[in-house]
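Biologist: Before I rely on any label in this model, I would like to hear the value behind it and the cut-off it was set against. Shall we take the labels one at a time?

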Amino acid sequence: MIPGPDDPGHPTRPVRGPVKDRRQTGVARGMAAALAVVILTLAVSWSVGSTLSSTDRVLRAVAAATVAALWLAAAIGHVAALRFDSPADIDAAAGGSGDSPRVAMANAVLRNTLEQVVLAIPAYLALAWVVEGSGAMIPTLAALFSVGRTLFWASYARGAAARAFGFALTFYSSVAALVIVVMALVGRLV
């Protein structure tokens, strides 16, 4: 028997109740605003896009992927610089003590940036390869990624509500690209 949600040993998350505090409300607002920006921006870029060859679209995707990779390089460099400047942090985990708050925060930004890059790069490449009208969308996605990372990084220390818009702008733009790819693939199969 396969354990299901009614099984007491089933590792499910609790059902979410209504939003309870202002941080959750702030995060929800930031995420909703970013989703609206992504949808409107991609709709506009779709409407003005010209049809490019698959080679040109892939070249745009490689350029967009390079932008994302540069954000990752910047986050790695930021953590390295903070460690270098701090005798308490220079030995990292080998030093036996935890990170300082500054390095811990920079590591959190780095981890999130890595996650976002891992999602964005295949989304750009798949969009370029599968969707013929994606020529204008791809640089738009790179721009949304960059604006989102800038806002996320600059707002990180101010809390979840402050960084939610930047996080969501980065995340939703990549997810939107993947949704468009899936829709295009399903359209070809049906």
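Biologist: Why is Arg22 called exposed?

Modeller: Arg22 has a relative accessible area of 75%, and the scale used here calls a residue buried under 20%, exposed over 50% and partly exposed in between, with a 1.4 Å probe and protein chains only, so Arg22 falls in the exposed class. This is a predicted model, in which local features need pLDDT of at least 70 and side-chain atom pairs count only at pLDDT 80 or more, whereas totals for chains, interfaces and linings use all residues. Residues are numbered from 1 along each chain as its sequence is written, and side-chain values use heavy atoms, with hydrogens and water left out.

Biologist: What is the secondary structure of the protein, and how are its elements defined?

Modeller: The protein has five helices and zero strands, in the order α-α-α-α-α from the N terminus. Helices (H or I, at least four residues) and strands (E, at least two) are DSSP runs, numbered from the N terminus.

Biologist: Which residues of H1 are buried, and against what do they pack?

Modeller: The buried residues of H1 are Gly26, Gly30, Met31, Ala34, Val38, Leu42 and Ser45, and they pack against H4 and H5. An α-helix has 3.6 residues a turn, so residues three or four places apart point the same way. In H4 the buried residues include Met137, Leu141, Phe145 and Phe152, and what covers the buried residues of H4 includes H1, H2, H3 and H5.

Biologist: What makes a set of residues a nonpolar core, and which members of the largest one touch the most others?

Modeller: A nonpolar core is a set of buried Ala, Val, Leu, Ile, Met, Phe, Trp, Tyr and Cys residues joined through side-chain atoms within 4.5 Å. Of the 37 residues in the largest one, Val38, Tyr124, Leu127 and Phe145 touch the most other members. Helices H1, H2, H3, H4 and H5 each give two or more residues to this core, and H3 gives the most, with ten. Val38 is in contact (heavy atoms within 4.5 Å) with Leu144, Leu169, Tyr172, Ser173 and Ala176, leaving aside residues up to four places away in sequence.

Biologist: Why is Ser174 called buried?

Modeller: The relative accessible area of Ser174 is 0%, so it belongs in the buried class. Ser174 lies in helix H5 and touches Leu119, Ala120 and Ala123, not counting residues up to four places away in sequence.

Biologist: What makes Arg83 and Asp99 a salt bridge?

Modeller: A salt bridge is a side-chain nitrogen of Lys or Arg within 4 Å of a carboxyl oxygen of Asp or Glu; the N to O distance between the side chains of Arg83 and Asp99 is 3.0 Å, and therefore the pair meets the criterion. The pair links distant parts of the chain, with Arg83 in helix H2 and Asp99 in the loop between H2 and H3, 16 residues apart. Arg83 counts as buried at 15% relative accessibility, while Asp99 counts as partly exposed at 34%.

Biologist: How many salt bridges does a search of the whole structure find?

Modeller: The search finds two. Asp21 also forms a salt bridge with Arg23, the closest N and O atoms being 2.8 Å apart; Asp21 is partly exposed at 27% relative accessibility, whereas Arg23 is exposed at 57%.

Biologist: Why does Val190 count as exposed?

Modeller: Val190 has 85% relative accessibility, and therefore counts as exposed; this residue lies in the segment after H5.
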